Structures are given as C-alpha cells and as structure tokens.
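Welcome! Please look over the sequence and the 3D view below, then try each exercise before reading its solution.

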Amino acid sequence: MTSKNLIKKTSYMSVSPIVIEAPNRLVDMELRVSAPLNGHNLPIILISHGVGWSNFLSSYRGYEPLVECFAPNGFVVIQPTHLEAKSLDLPKDGPEGALYWKSRAKDFHFILDNLDEIISKVPSLEGRVDKDSIAIVGHSMGGHTVGMLAGMEVKDNVDGSITNLEEPRIKAFVMYGTPGIGKDLALTAAEKFPIFIDAEFSKMHREVLLVVGDIDAHPFFSERSDWRQDAYNYSPGKKSMLLVKNTHHMLGGISGYDCDEAAQLQDENPETMNFVRESTLAYIKSALNPLDTSWIDLKLQLQKDSDAKGIIKTK
C-alpha cells in the first residue's frame, strides 16, 4: 500500500490558534482545525497528542503527517493542546500529576460540547460538517486518552476513585503505541507516572484499532516486549490490531516531519509513516461508513503481500 493509492493532494486549510474559553480548565483551550477547502458532510477526526521532550510537537502544532493525510481525504481535523504540553508550562505537581491524564479525556468532551463554536471560527466551514460522524486517534499518552474515551476505567492513584469518561458521540477509535497494563509496569515508570499502575482494559468494550510497532519496547516502561499490545490482548469485545513490522514507538515519524524523537529511536521512516497513516485512514473510513470497504481491502492486500509492512489481527 503506497501513498499513490490513497493519500490525496487536495488543498486544505488550517486555522490556529482557535481559543475557546474554558472556565473549568486551568487555561482556555487552544486548538488547530484543518479541513478541505471544498466538500460537504465532512466527518471529524480528533487527534490526542503524546507526551515527549519536544517543545511543540506535543501540542496542536504537531502530527502534521496525520493532518496531511486526513484533511485532504475529506475530514475535519481538530487538535487540542492538552494541559501537560511543554508550551503551556503549567505546574506538574497538581492532583493529576505531570500527565494531566483526566483533563486530557475531558478536553474532548469539552470540544464536542462546543463543536458549533469551534466550527464557526473556521472560514466557510459552517454547514459542511457531519457532526454525528466522529473518530479519534491518539499517540502514546494520547492512546491512553483514547482508551478512556472508549470505556477504559482508570483508578485515581491519589483518592482511589474510579474514573470513567467514555464518550458515546465518538464512533471510531484508534490507539497508537498505548501504555500497557499496570501489573507489568517497570518500577522507574511507576514512580514517575503512577497513574499507569492501575491501568487495565477490562471495561474498554468499544470497537478499537490498536496500532503498535513490533519492536516498541523499552525497559523504562516494562520488561515485557509486547507490553504496548495490551490494549488489544486484555480488552473485551471486537478489536483490531495492526502490528507494524520493524518499527518502534514513533511509527515512522507520525508526530512530525524530521522529528528528533523519531531520529533518536532510529524510527524515522517515510514508508512506514505512510503505511501507518494510510491504514488508519482505511480503518476510520470503514468504521464510520459500513458501506466503505477500505479496511477489508487493506486486510486482503496484506494477507497476499509477502513483504507487507504490517499484520492485522482481529478478535
């Protein structure tokens, strides 16, 4: 599968920063919205960024490779900056810890509650959006956020309460390189990110696609090499997993072009990045439209191709 087959070169527009007043949030929400210049009944893809050492990729400014795939193919792409972003420089010692894990999921409830206002701030977009056709993708910590919106329950390590922030308005879920279950979390990671200690997927019943590199493993997080496959292995209901061959955590560089984080992991690979975003697009198109055969076509193609970039598993 190559970019010639799927990714269009249609022009799109991006508007940022869009600032929405959020009285119950530490700061108002900053967003970027990208959309095709033409077309109607445009579905929506939300993007939850990851956490990393980059100053700006982990914000609405990142994940341009995904935007350049989704927007030209007829999607409205909405990217918030979550509260843990380095660019916001907010305190890291609050009740949610440095990851602001709960507010991340709440950010998307807020976006959907204020969708009309957000759309109104993008020129010529009003009346062109299918607000009932919504997908979400998230990378790394963003995958954890997507899991919460798909029904994963998280135990608050501060007060012991159980948080469920499932969002029924979202119809398709894609999780990239998501942290695994807490019982196999390494001590170093548990000390720095205690919210992962009680993470598990037994209540994540929504249909989800997990995308993970087959060599995405690091002893800082877990000694188990398949730890980031747990969202597929330990969740109930219908699930799919795309295992991307010879690929680490950055999945070829989906968070940004010439990304230092991908380079450090020797994981920057344009062919892999294209494969990941095209496969994601195929899954979302079919998940939002039962008549669309893109995902079935991809599975058949990978089964026939002895040199395929990935393997799809389903249950």
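Helices (H or I, at least four residues) and strands (E, at least two) are DSSP runs, numbered from the N terminus. Contact means heavy atoms within 4.5 Å. Axes are lines fitted to C-alpha atoms, for helices over the stretch in contact, and angles run from 0 to 180 degrees between N-to-C directions.

This is a predicted model, in which local features need pLDDT of at least 70, side-chain atom pairs count only at pLDDT 80 or more, and totals for chains, interfaces and linings use all residues. Residues are numbered from 1 along each chain as its sequence is written, and side-chain values use heavy atoms, with hydrogens and water left out.

**Exercise 1.** Work out the strand order of the open sheet.

*Solution.* Two strands pair if DSSP finds at least two bridges between them. From one strand to the next, the twist averages 20°.

Now zoom in on one pair. S5 (residues 129–139) and S8 run parallel, joined over five bridges. Ala 135 has Ala 172 in S8 as its bridge partner.

**Exercise 2.** Is Gly 143 buried or exposed?

*Solution.* First, locate Gly 143 in helix H5 (residues 141–149). Then apply the cut-offs: buried is under 20% relative accessible area, exposed over 50%, partly exposed in between (1.4 Å probe, protein chains only). Gly 143 counts as buried because its relative accessibility is 0%. Finally, list its contacts, leaving out residues up to four places away in sequence: Gly 138, Met 175 and Thr 178.

**Exercise 3.** Describe the lining of the second largest pocket by class.

*Solution.* Recall the classes: Ala, Val, Leu, Ile, Met, Phe, Trp, Tyr, Cys and Pro count as nonpolar, Asp, Glu, Lys and Arg as charged, and the others, Gly among them, as polar. Sorting the lining this way gives seven nonpolar, three polar and six charged residues. Last, see where they come from: S8 (172–176), S10 (239–244), H9 (270–288) and H10 (294–304) each supply at least two lining residues.
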